[in-house]
Each structure stands twice: as structure tokens, then as C-alpha cells.
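Here are my notes on the structure you asked about. Please read them beside the coordinates.

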Amino acid sequence: MSKTQAVPRAERTGRPKGPQWLKRGKTSGKNAGDIAVRRKPLKQRLIENWQLYLLLLIPVVITIVYKYGPMYGIQIAFRDFKASRGITGSQWVGLQWFEEFFTSPNCWRMIKNTVLLSLYSLLWSFPVPIILALALNQLRFHKLKRVVQTVLYAPHFISTMIICGMLRIFLSPSGGLINLLLGTSIDFLNQSSMFRSIYVISGIWQEAGWGTIIYLATLSSVDTSLYEAAKVDGASVFQRILHIDLPALVPMAVLQLILSASNLMNIGFEKVFLLQTDLNKATSDIIAVYVYEQGIQHAEYSYSTAIGLFNTAVNIILLIIVSRIAKKASDVQFV
Amino acid sequence: MSAKTKSVGKKPGGLSDRASDAILVVLCVAILLVVAYPLYYILVASLSDPYDVYAGKTFLAPSQFTLDGYAAVFSDDSILLGYWNSIKYTVAGTIFSVVMIYITAYPLSNPDLPGRKFFNIFFVITMYFGGGLIPTYLVVRDTGLINTIWAMFLPGGVAVSNMIIARNYFETSIPKELKEAAEIDGASKLRIFWDIIIPLSRPIMAVMVVFSMVAYWNDWFTALIYMTGEGRAPLPLVLRNILIASETSASQASMISGGYAELNKLTEMIKFASIIVAAAPMLIIYPFVQKLQYGPISVYFTEQDENGLWQSITDEEAQENSARAPAKSRASTRSTAPN
């Protein structure tokens, strides 16, 4: 409502500046880099853009409170946080919580589980969308292609909660689908040796189809005259995939691999949390779940924050390393 | 055309086109079945007698067709309340997040806004670094959001990666001449936003709306932490008690015959039916996104990856990003334009 009221007033103030805008528009239209040279004085630009600052005010305030506020609160990882004393009033304890974590009995198991689970997940689920995209791209029956795509995307739109509910039904030892098909009665979920496979396979089932979008988009920009030329030369479909499509996907695939590698420590909390049982903890015990248990369930605020901070720190280091690599890789492959 | 390619395909050099087409079709249909079958199995199970499901009689079609499971779901007050809560959170969250994306992206798409670089960095930092679970929880608690609908979306702030996509869209896909002509005619920045940017950015808005809807509909972790009060849980969290927590008690009960049996039967039926009921809304909506696929969604993904991560990871690179982004994404939209 206030927006529409503000319009007429702004129109009045905006009008006299018309001719200057005309000039700037002509010069800047061709080359965006020239703008800086021909800019109007800062003060004038500040006044002209007051409405934009007004729009930005709300997101900026929310971001400061709910994004930068928690960053300030990270210091409780180094304090003995007591709600009654507030953040800065709580006693400074240095690295006590980190020491406690690294000497806790399950610490290395959790780190190992976190890294291994994401590593397996990354390695197995990375090639599947590429293969699917290559096959779908060569499918010449457009109706079938459309149907396959629609169905493949479906699991992505289902909540993790539902996925895990389905997994529990399928993997149930008494009358679960998998046991019915195998004619066995194995309690898959309660075996720690099965946990990673269950996690990875269900992850592929849910996300591989959705993952094809980016590769299909890349393939759609492949020059079709290449296919025509290849056909004239007598190349089969599989030769076309091997020599035209696959090379076209390599840069994007490298990019995706690197990007997901930077998320190594950010393994999805939700699925692990929902699939964890007392009996599969040997492999399903990961840092994120421990952070939740300690922080929310046991209200160990400082301890939980410290573990979370350790996780974030590892991730940021990975991110920086990987972004450096990506930059180099992209210089080689894109330019 | 297909006739022509088939005749060409008979040349030497591996399989003929017809044979490889057949292989591809078989492969794709097989994949289709693997992905679709679990969903189909649950659908069939929800329409069958649970004892027959566990006896393996419902691989292909319902056995002893019944709608009792659905009847039980729709007469279960906690599920209905969860459904209603989910709808509320989804509608409010989607409106909030799309509005936030727009009112952030539009100012930042103005090339001569003083402080543009600063604001870009200000938002991008939150993409890669956050306070973590507990510090965020403490802020949310201290600002009094616990058990209010605001807790579901306010702490999420601006969806920065989506904001970057919208910003690039405003910069490159909406003709600059239009904005400049409007300014010459005396339109204010807000007026341009309202009369030009919003109407002309419908495709990207549709994508943002659908993606936000899906995210809010499926979210339960936020509610697990912030919505602890009675009757506040969204549908997935309500289903947690049915799908996850009851697993042990149900299988224990199945060993005890007699009085528990009838109760257990109903629990199992509710399990199957509630999965279908909870998944259905998004499964009905998402095929509409597919129509947009080669337009905004492909732009969505490529832009997210090209401009989202490594170019804006450090301050220096973020500055570079804001300077380079317009030229780069203009090139990318041009290349996707024929689609």
C-alpha cells in the first residue's frame, strides 16, 4: 500500500533529471564498463535512489538480525554460556569445549562417518545423472522422453520425511518389499553395514533425475550440425554420444564434482537423523546429528556450538581450496 | 525426418540407428520403472488390506480394494491439523521469500546504486557462512519467534542464490531501453519496479514460487526446532510419529495377536495412505515446472553455478562478479534464447 502512495511524489522529484538520464543512457548503452567514468555525483545518486534503499531496508535488517546476529553468537563456543548472563556476560573458557569434543569417545567415529558417508554419496551419485542425461538426450521419441523426465523428477519433490517413511516400509524385516522380493527377512536398517548403501542408493533414486536438468540444458546447446555431420560420416548413436555429447558435458561435470566436493562436511542431516537407529549407529553417527542432540535435546549450547563451528571451519577450508581449483579448472576449460 | 535418419543409419560404423534406438528405449523404460515402482507400490498398498501387503500379494494391483486408509487419514485430527499448518506455512513462506528476493534483487540490479558492491557482498557472505544451529536458535528464541508462524521463514532471510538469479534476470533479460525510457518519462524507481520489472519477470517468478513452495511444504526440520508447541507441527512432522517413531511399536504389535491386530491394521493403513496424501500436492504441481524447463530453469541452474559459487566466494571475487556478471550472463541468455 505504501509503495503505491509513494509513487506520485517520486515522480515529481524524478522528472527534472530526465535530460541527464538521456545522456547517460546513450553513452552507457553500448558498453557497461564505461558507466563508472560518466557517473553523476555521489550525492545526487544517493538522493535519486532513496526508494531503492527503502526496499533494501527490510532484507538488510532481517539479514543482520538472523544471519549476522548468530555469527556474533558463535563466541559462545569459547564461553560457558548461561542464558541468565547473556552472551558477553558468560565466562570465557577458551578451547575447553573443543577439547571435550576431541577427547569424547565417539569423536573420530563421527568425523569418519561424516566424511565417508558424503564421499561415497558423492562418488556413486555423481555419474548417474550424466549417464541418464546422455541417454535421454539421444532419445528421439519426444513423448516418451517427456514422460521419463516427468517421472524421474518426481522423487525430488517428496519430503525427506516421506522418503524415509517409505524406506522403513520397504526395508522392514516383516513384509517389507525388499525382503518379499528376496524371500528373506533381513532387518536392513538395523545393520550398520547396510546403512551407507541405503543412504546412497535412496539418494540416487531421489535426486539423480533432477540432477539431469543441468546436463540436459548443457546438451541442448550442442550444435546440431555436429550430429548431422556425424550421421553423414556414419557414426552410430553411441559413437555420437562418445565423441560429441560426452566432451560437451566434461566442463560442467568437472564443475559439479568440484562444487559437491566443497560440501563434503555438509552431509544432509535430515535423512541420517530419520534413518538412525540404536543398532546402526556405528556408521550412521555423524557430526550434524550430534550437534542437534547436544544442542537442542540436551541444551548444551556452548558445546554444540563448538562442534558446529569445527564442522563449519573444515567446510570453509574445503570451500576455499576447491574454489581455487575450480578457478584454475575453469580457466583451462571455459576460456 | 525419422525415415531419413534411419536410412542413413544403416551405414557401417557400429549399430544401426534403429537398434540403438531400441536399446535406448528399453533402457529409459527400465529406468522409468525403477523410479516409478516404489511410488506405485505405496499407492497400491494404500488401497489394499495391509495383511495382503505384508504377505506380498500387492506387487502389481490392489488386493481386497479398500479406501479405509484414506478414510482414517481424513478423520484423523492431528493429520488434518498438520495439513492445515503446512498450507499456512507454505503460503506465508512462499510469499515472504519471493517478496524478499524481489525487493533485494531489484535495487541490486541497478548499476548506479551507490554501495551496490557492498550490499552484494553483505548478502553473499550469508550463503557460505552462518552462525550454526544453536546461535541461530538463540536469536530466534530471543526475538520471540518460537511457536509463531514467523519462525518458519523469517530466520531464513533472503534466499541469496535465488536472489542472484533474479538480479541477473532483471539486469539482462529486461531490456535496458525500457527502464531508461520510463525514467525519461519521469517514472520513479518504485514505479519501474511495479510496472516494468514485476510484469516482465513472470517466468523467473514462477520458478521462484514453485521452488519456494516445494521447500516449505517439505520442510520439517525448522518446525522440529522452533515449533514445539501443541498443534503447531506441519504435516511431515506429524507423519514422523506415524512413519518413523511407530515403526518399532508396530512391528512389536504385529507379533501380538488378538486385540492389537485391528489397531495395528489401521496404523499400517494410515501409514500408506498418509504418504500418498502428503506427497500428492507437490507431485501434482511439479509437472507444470517442467514446461519452463528449457527457459528459466536451465538459466536458473547454470547461473547459480557460474555466478553463485567461486566468483563470489571472496570479497575480491565478489567485486569481480558484480562487474563481470552482466556481460557474462547476457552471453548465456543469448545462447539459450533459441530454446
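Predicted model: local features only at pLDDT ≥ 70, side-chain atom pairs only at ≥ 80, totals over all residues.

1. Chain A has an average pLDDT of 83. At least 70 is reached by 86% of its residues.

2. Helix H4 (residues 50–73) of chain A has the highest mean pLDDT among the chain's elements, 94. Helix H1 (residues 2–14) of chain A has the lowest, 40. Across residues 1–35 of chain A the pLDDT stays below 50. That stretch still has 41 contacts in the model beyond near neighbours in sequence.

3. An unreviewed UniProt entry lists "domain: ABC transmembrane type-1" at residues 111–322 of chain A. In the model this span is 77% helix and 0% strand. Its end C-alpha atoms lie 20 Å apart.

4. For chain B, UniProt (unreviewed entry) gives "transmembrane region" at several places, including residues 118–137 and 149–170. Residues 118–137 of chain B are 80% helix, with end C-alpha atoms 27 Å apart. Residues 149–170 of chain B are 50% helix, with end C-alpha atoms 31 Å apart.

5. How do helix H5 (residues 77–108) of chain B and helix H11 (residues 202–218) of chain B pack, and at what angle? The angle is about 140 degrees, and the axes are 8 Å apart. H5(B) is therefore oblique to H11(B). The crossing is right-handed.

6. H5(B) contributes B:Gly93, B:Ser97 and B:Ile101, among others, to this contact. From H11(B) come residues including B:Met205, B:Ser212 and B:Trp217. By class, the contact has nine nonpolar, six polar and no charged residues.

Notes:
Residues numbered from 1 in each chain as written. Chains lettered and ligands numbered in written order. UniProt positions renumbered as here; feature names shortened; annotations may be inferred. Helix = DSSP H or I, 4+ residues; strand = E, 2+ residues; numbered from the N terminus. pLDDT = per-residue confidence, 0-100. Contact = placed C-beta atoms within 7 Å. Axes fitted to C-alpha atoms, helices over the stretch in contact; angles between N-to-C directions. Parallel < 35°, antiparallel > 145°, perpendicular 65-115°, else oblique. Left-handed = near helix turned anticlockwise from the far one by under 90°. Nonpolar A, V, L, I, M, F, W, Y, C, P; charged D, E, K, R; others polar.
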